[in-house]
Amino acid sequence: MTNGNDDPDNDFSNLIRHIQESRGIDFRGYKRTSLERRIRRRMEEVGCDNFNAYHAFLEAHPQEFIELLNTVLINVTSFFRDKEAWEVLRREVVPQIIERKGEKAPIRIWSVGCASGEEPYSLAMLFAEHLGSTEFCRRVKIYATDLDDDALNTARHATYSPRDVESVPEPLLQRYFERTGNHYVFQRELRKCVIFGRHNVVSDAPISRIDLLVCRNLLIYLEADTQAIVLPRLHYALVNDGILFLGKAETQLARSRMFEAVNLKSRIFTKVPQEWHRTSGGSLTLAADQPNGRNSQHIRLLESIVDGSSTAYMAVSADGQLIFANLLARRLFEVEESDIGRPFHDLTISYRPTELRSQIEEVRNSGRVVRIDHQPFSGPGREPMRLTIEISPLFGRDGKTFGSLLSFQDTSRLFMLQQEVEVAQESLETTIEELQSSNEELETTNEELQSTNEELETTNEELQSTNEELETINEELRSTNEELEVTNEEMRRQSDEAGEYRRYSESVLRSIDVGIIVLDDNLLVQSWNRWCENVWGLRNEEVTGGSFLDLDIGLPVQRLRDSLHDALTTQMPVEAMEMEAMDRRGRRIDCRIRLSPLLYDSRQPRGVILIVEDVTERRRSDAFIRYLGRIVGQSLNEIYFLDPTTFHFHLVNKGAEEKLGYSLDLLRQIALHDLMPEIDADAFTRLVAPLLSGEKAEIVIETTIESSNKPPRQVEMCMQYFGQEDPPILVAIAHDVAKRQRIGIDDNRTKAVSQ
């Protein structure tokens, strides 16, 4: 079977297709380099020079498929292979699974790539030791799957040579194996609980509701795309908190968010459920405007912080209008001041760098955060960049959403670093796979050497041939070691980059203009930023590693003891608190302190973060505002706060209640023009229309006001509209002019004067 157009790639593809059609084994997910290397090894053993020749050899010798599959699928296994990892499984994982399942619930185990059965029978012995044979047979089912039918037949017979059971501890060998001649047979009753079957983990549906899934040294032979298919299948197969046990050469889960390490050295992981919920957010209360129309210092501070942020922010209201964009967002996406209030879908940002309207709708309907990573974006005159977009629901005090917040962060450098890390990881995985392959081949060769040594007296020529093969393998190992040295150098370089990133993060913390203190789970100080140094007079190196509760500073740290323990115990932020303190100069300051647990990828808190803010000036401002509110509330002048749409009373001061003769609850059901007999609702609406439209800043009218307990009286009323408030408000101040001398004014006429 030769081809005039000799194309090695095409010939190799034809050979793989022939194997698949003949034996039903799909190798399309395997790494091509590993697959080709193993097939070439078998070709050398049968004396074939090219793939076409070996294709013809397979057609002429069907029994060659058995040897080929043993070489390609690497059916090298043993009882309790990698004893340290199995010891961790016996000591920590098996008792945990049994405790979680209770006394009656069934336990389901899946051994993927079981080969000749040593692995599932090892699992059976571990669980039988904890449960007892009777309880094991009643509750435990072990599913053992593989692609190789011959290996599965061997596993079903459960018959092993003395060499095969050398790694089984003597007590287990006595309890669970029966000696028949020169072989050992696994116990019949336990064997009934192990179900063997042919299964392709890449293409076949996974077995579900598994408590312990063992998949050792399989993923390293698969392409990255195939791994991305297999990992979700393994994740689906496991129950929540189910355990995944991999081989020592497996490193794929270092980048996966579907699994969390239980014991990374032993390659034991647990399933991370792919579900989460978001609670309703709070709201931010701002100080009221000063009487002269200027914003308070607090509002100016918030505006400066938002506009000075390195993250671009936009907010979209529930009806789809753009209601906020900070300075960076306006510059980055060319949003003008006039665009605030426009429908969001009319703006370019709604579809570039990606379509955002449907994402906003999804956030509004589900109440969950949507994150879009590393979207390419390039504006006029700007370098191309990568933006990570996060869309979050905005909640009011009543827990209902009133809009969506969009944040755009430049993650170009992070994206490039991730690309470099993935390339390095791929290179490392390939190297590890090649080393593992060489180790597997070396183990196979060692077994052959043991057999050759037993026959040494009769076959010296076979020993010489084996020695030559060992020399070839040693050359391959030396080459592999050189590649590992290059990989190690690359990993050292990446470690240096990680150190630089850590120093960068510490610089950011030290530059923040509030106190940031990071404690570990023993309440020892891990980070102490520059604000804390300036306020308390202690340098970072003086406090790092020391107990926070033992610090002698102007802050009463002992009062925080219970709150710190609450944050560690509940794993939830503690309600902010305010307390008095003294700075290093002896000046009294008011501090607002927030405590949050420090959470890594695991659910257990690794410490506590304290954010300390000097709110002395803000409290003084709040006290002054309350003082003004009391003066206005007790004033004898009538002050009305009206709804600008219906003109109903929202709020009145004490003087207004006394002169109108109505309580506030009754006034809220009355419109202002209902108390003005000289003007109806339509006329009043036309009167204040220039004020509401912004055409006039103030309107002064003279009119008659009716009271519940007094005769009608003449008043002069000054009205102003504050449309920038949330919600907008119409304010009217009325002065009684009945006793004031008036010249040339008709008492029965209402006159409006524009200021």
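Below is a friendly chat about a predicted model of one protein chain.

Biologist: Which residues have the most contacts inside the largest nonpolar core?

Modeller: Those are Phe177 and Leu212, in a core of 46 residues. Leaving aside neighbours within four places in sequence, Phe177 is in contact with Phe79, Met125, Tyr160, Val165, Val168, Leu172, Tyr184, Val185 and Phe186. There is also a second, separate core of 31 residues, which includes Trp536, Ala581, Cys591 and Leu595.

Biologist: Switching to helix H8. Which residues are buried there?

Modeller: In H8, which spans residues 149-157, Ala151, Leu152 and Ala155 are buried. They sit on the same side of H8, because they cover an arc of only 100 degrees around the axis.

Biologist: Why would residues three or four places apart point the same way?

Modeller: An α-helix has 3.6 residues a turn, so residues with that spacing point the same way.

Biologist: Now salt bridges. How many does the structure hold?

Modeller: It holds 36 salt bridges. One of them pairs the side chains of Glu638 and Arg713, at 2.7 Å from N to O. Glu638 lies in strand E21 and Arg713 in strand E24, so this pair ties together parts that are 75 residues apart in sequence.

Biologist: Are Glu638 and Arg713 buried or exposed?

Modeller: Both of them are buried.

Biologist: What does Arg539 form a salt bridge with?

Modeller: Its partner is Glu541, and the closest N and O atoms are 3.1 Å apart. Arg539 is partly exposed at 45% relative accessible area, while Glu541 is exposed at 55%.

Biologist: Changing topic: which peptide bonds are cis?

Modeller: One runs from Arg352 to Pro353, with omega near 20 degrees. Pro353 is in the loop between helix H13 (327-333) and helix H14 (357-366). Another joins Asp726 and Pro727, where omega is about 0 degrees. Pro727 is found in the loop between strand E24 (713-722) and strand E25 (729-736).

Biologist: Which residues have a positive phi although they are not glycines?

Modeller: Gln571 has a phi of about 60 degrees, and Phe647 has one of about 65 degrees. Gln571 is placed in the loop between helix H19 (561-570) and strand E18 (574-582). Phe647 lies in the loop between strand E21 (638-642) and strand E22 (649-652).

Biologist: And is Phe647 buried or exposed?

Modeller: Phe647 is buried, with a relative accessible area of 4%. Gln571, on the other hand, is partly exposed at 27%.

Biologist: Back to the outside. Which residues form a nonpolar patch on the surface?

Modeller: Tyr501, Tyr504, Val508 and Ile512 do, with about 420 Å² of accessible area together. Tyr501 is in helix H16, residues 460-511, and counts as exposed because its relative accessible area of 55% is over 50%.

Biologist: Last one: what is Ser527 in contact with?

Modeller: Setting aside neighbours within four places in sequence, Ser527 is in contact with Leu509, Ile516, Ile517, Val518 and Asn540. Ser527 is found in strand E17, residues 525-528. At 16% relative accessibility, Ser527 counts as buried, because the cut-off is under 20%.

Terms used
Residues are numbered from 1 along each chain as its sequence is written. This is a predicted model: local features need pLDDT of at least 70, side-chain atom pairs count only at pLDDT 80 or more; totals for chains, interfaces and linings use all residues. Side-chain values use heavy atoms; hydrogens and water are left out. Patches are made of residues with over 30% relative accessible area and no salt bridge: like charges are joined within 9 Å, nonpolar side chains (Val, Leu, Ile, Met, Phe, Trp, Tyr) within 5 Å. Accessible areas come from the Shrake-Rupley method with a 1.4 Å probe; for residues, only the protein chains shown count as cover. A salt bridge is a side-chain nitrogen of Lys or Arg within 4 Å of a carboxyl oxygen of Asp or Glu. Helices (H or I, at least four residues) and strands (E, at least two) are DSSP runs, numbered from the N terminus. Buried means under 20% relative accessible area, exposed over 50%, partly exposed in between (1.4 Å probe, protein chains only). A nonpolar core is a set of buried Ala, Val, Leu, Ile, Met, Phe, Trp, Tyr and Cys residues joined through side-chain atoms within 4.5 Å. Contact means heavy atoms within 4.5 Å. The arc is that of the directions from the helix axis to the C-beta atoms.
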